[in-house]
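Please walk me through this structure, one chain at a time. Then show me where the chains touch.

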Amino acid sequence: MSDIQLEDKLGTSWRKPHFITNPALRWAVIAGFVAYMIAAVMTIEVDWGRVYEGLDRGWAFILAFTSPDFVSRASDIWAGLLESIVMTVAASVVGILISIPIGLGAARNIAPLPVYVACRGIVAISRALQEIIVAILLVAIFGFGPLAGFLTLSFATIGFLSKLLAEDIESMDRVQAEAIRASGARWMQWINYGVQPQVMPRLVGLSIYRIDINFRESAILGLVGAGGIGATLNTAFDRYEYDTAAAILIMIIGIVMALEYVSGIVRARVQ
Amino acid sequence: MLQLKKLTKTYKTGDQALKAIDLEVPKGQVLALIGPSGAGKSTMIRCINRLVEPTSGEALLDGVDLVKLGATGLRKTRREMGMIFQEYALVERLTVMENVLSGRLGFVGFWRSFLRRFPQSDVDEAFRLLDRVGLLHMADKRADELSGGQRQRVGICRALIQNPKLLLVDEPTASLDPKTSRQIMRLITELCRERGLAAIINIHDVALAQMFVPRVVGLRFGEIVFDGPPNGLTPGKLTEIYGEEDWEATIEAVDDNGNEIEAAQ
Amino acid sequence: MPVLDRDGTQVWRRRTGKESLGRWFGWLLGVAAFVYCWQIISDATTWFFVWDAPRIANDIWTRATPPKWEYITQLGRPIWDTLNIATLGTLIALFLAVPVAFLAARNTTPSALLIRPVALLIIVSTRSINSLIWALLLIAIIGPGVFAGVIAIAIRSIGFCAKLLYEAIEEIDHAQVEAITATGASRWQVMAYGIVPQILPAFAGIAVFRWDINIRESTVLGLVGAGGIGLQLSASLNVLAWPQVSLILIVILVAVIISEWVSAKVRGAII
């Protein structure tokens, strides 16, 4: 080890070793990145005249936040918001209830292989499909209205929650679960006493987080006719009623903040 | 060289960590600061380089009152005080060389340090120090690949490359095994002797302190209750510093170790 | 531990009478809320369409299969646009999120009273609003196109990245910062040597994670006119060209799977 001599080092310059040690590869990565950036920026067509014109409207929109109009379309806003909340609550309840058995089934350490494969398949499909695309398909099938939105959010909740629940179960402490099994408990008892106490706090935390996400998503489902505040918002933008749009956005932000606050308290209490 | 006059630190909670400390450290003297946890050892050395702001009093380094310095003056004066930390406090994701060179940050401009273009003299000095502590071959390793003893050696290099007048050493051996602890203490005291550095070493291990330093200061509840040579630490004095305990074994062990080390040299 | 005295024998219960009463009341309230929500959804639904749904689904399926494979030749440019929206949007967002995160983290903010709340407000407001809504807004301001998509993705991602980043900043090891400060380093040097190296892995992880999400989101931005493959999806849906829709959905699915794979690989290489 001591074959490096001080005399050899003195007077030589020192450079920090590079992240990618192979210089050819390093330059290739840098050149590739630069080339991509140039190509990407070149192919974006920006109509600067249009953007310049838009700045006034942008400014008007920012100003609208100082005087949001909750009143002139109060009934529309109220109906849309209520529908969003209703969809959120119903979809969260159904989604959470369904995702528990699927989450159990998707955990390799407690589920037999066929069940595991089936449940993982459901999770993968649900995660790969965007909410808004699912909503489009469900609207086509079930018609316009909050039912399509409710089904969309339930479906998305299953993918999200089952996956995280399954991962949590897979990483739990095996000894505790084995101790319960050793006492001769049945499968249901074993889940109830050996598994549930370990994953419950995180499940509660994740569920509340998902309610938060569901509400945010419910705000866009209206764009494709699946119910909620999104339709009202879309109309407001179409009519350039920035003050109404600002009012809706403020309400969404306010509700999300309130939900985050509540979820912080709940998570602190269950953990 | 370093003079503390009525240095006091009261935390916001009302805890008086330091109660009007008076202390003088002449040039080139190494002293150990002992005392129970919470006695204010850490606070005291942090008040000297103002990582903790003292509440009142003066801390004079060569006649300059550190307590009154503004931001720029403080930076300039911090360069003259090297600090060695408990648990090493190396920047773990940087290389050994970067960690050592970070001791020169007070001397180079931002962009130079950002681009890692340190002056050749600094680079040479870093190589010399690493060679001195036996880590030259590790220069381009990342700090988190090193063992505890090796990390503390890098920490020592980082402090020494500042070319300081004074070393502030906070529990240098707290997380090291007994053998490495001694090696590190020996290295610090040797380097201080070579370079004529003064040092204040915070240490909880009384035996280790007695083994290596000529002067021991005992702190209890933010007050100095002992100041003298290591052999003045009688069981009575230790009781005064730490509280009631059977101290004979500690002192005897030190004597044995002392003999052993002398015999080995 | 609640032990009831009943007929002279002691009976152990997990909770006291009051606690279990509270629990039952909570559950009752939850069930009532769900039933109420379901009622509203049910009222807003035309059940005739729902009973007819299997037939419609079957009908759509027959029309959509097989996908119109030759249509893929027209999807090259939209896919390229989608990739650019996600990548450039992520880069812009990261560029802006870094200062916001430093202003929002308790240990680096210049003023906890004035600046930190502003930074937190930026984070929560950009994060609570979906990128589709940002796109809707930007289209109203600067007109439809890829550029609006890039900006929408960028704005939506600022809050997300800044939140994760400022949490990482708050978790750094303070001793390392202290050690750099003690050398007499300036404020910026402390940042570059003491803080940045500690958060770099988190930063890289966040960047890749968000890029993966942004690929998903940019595939649907076209639904509101903000460029990318969603434009083709929207156009095909409008003319009920189901074989094209199914091909586009397959392309989106493949893109999502590839981006997830890439981000998993990159994250594995960094951490």
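This is a predicted model: local features need pLDDT of at least 70, side-chain atom pairs count only at pLDDT 80 or more; totals for chains, interfaces and linings use all residues.

Residues are numbered from 1 along each chain as its sequence is written, while chains are lettered from A and ligands numbered from 1 in the order in which they are written.

Start with chain A. It has 11 helices and 0 strands. Helices (H or I, at least four residues) and strands (E, at least two) are DSSP runs, numbered from the N terminus. The pattern along the sequence is α-α-α-α-α-α-α-α-α-α-α. The radius of gyration of chain A is 27 Å, well over the 18 Å that the globule rule gives for 271 residues, so chain A is more spread out than a compact globule. That radius is taken over C-alpha atoms, and the rule is 2.2 Å times the number of residues to the power 0.38. Along the principal axes, the C-alpha trace of chain A spans about 80 × 70 × 35 Å.

Of the 271 residues in chain A, 40% are buried. A residue is buried if 20 or more other C-beta atoms lie within 10 Å of its own, exposed if 12 or fewer, and partly exposed in between, with C-beta atoms placed from the backbone. Take the contacts in chain A with a separation of 6 or more: 72% of them join residues 24 or more positions apart. Two residues are in contact if their C-beta atoms, placed from the backbone, lie within 7 Å.

Now look at two helix pairs in chain A. Helix α10(A) (residues 230–238) packs on α11(A) (residues 242–270) at an angle of about 150°, with the axes 8 Å apart. That makes α10(A) roughly antiparallel to α11(A). Axes are lines fitted to C-alpha atoms, for helices over the stretch in contact, and angles run from 0 to 180 degrees between N-to-C directions. Angles under 35 degrees count as roughly parallel, over 145 as roughly antiparallel, 65 to 115 as roughly perpendicular and the rest as oblique. From α10(A), the contact uses A:Thr232, A:Leu233, A:Ala236 and A:Phe237; α11(A) brings A:Thr244, A:Ala245 and A:Ile248. By class, this contact has 5 nonpolar, 2 polar and no charged residues. Ala, Val, Leu, Ile, Met, Phe, Trp, Tyr, Cys and Pro count as nonpolar, Asp, Glu, Lys and Arg as charged, and the others, Gly among them, as polar.

The second pair is α4(A) and α7(A). Their axes lie 7 Å apart, at an angle of about 35°. The contact of α4(A) with α7(A) has 17 nonpolar, 9 polar and 1 charged residues.

Turn to chain B. Its secondary structure comes to 10 helices and 10 strands. Of its 265 residues, 44% count as buried.

Finally, the contacts with chain C. How many residues does chain A give to its contact with chain C? Chain A gives 42 residues, and chain C gives 46. The chain A side divides into 30 nonpolar, 7 polar and 5 charged residues. The contact between chains B and C takes 21 residues from chain B and 19 residues from chain C. On the chain B side, α2 (71–78) and α4 (110–114) are the elements that give two or more residues. That side has 9 nonpolar, 6 polar and 6 charged residues.
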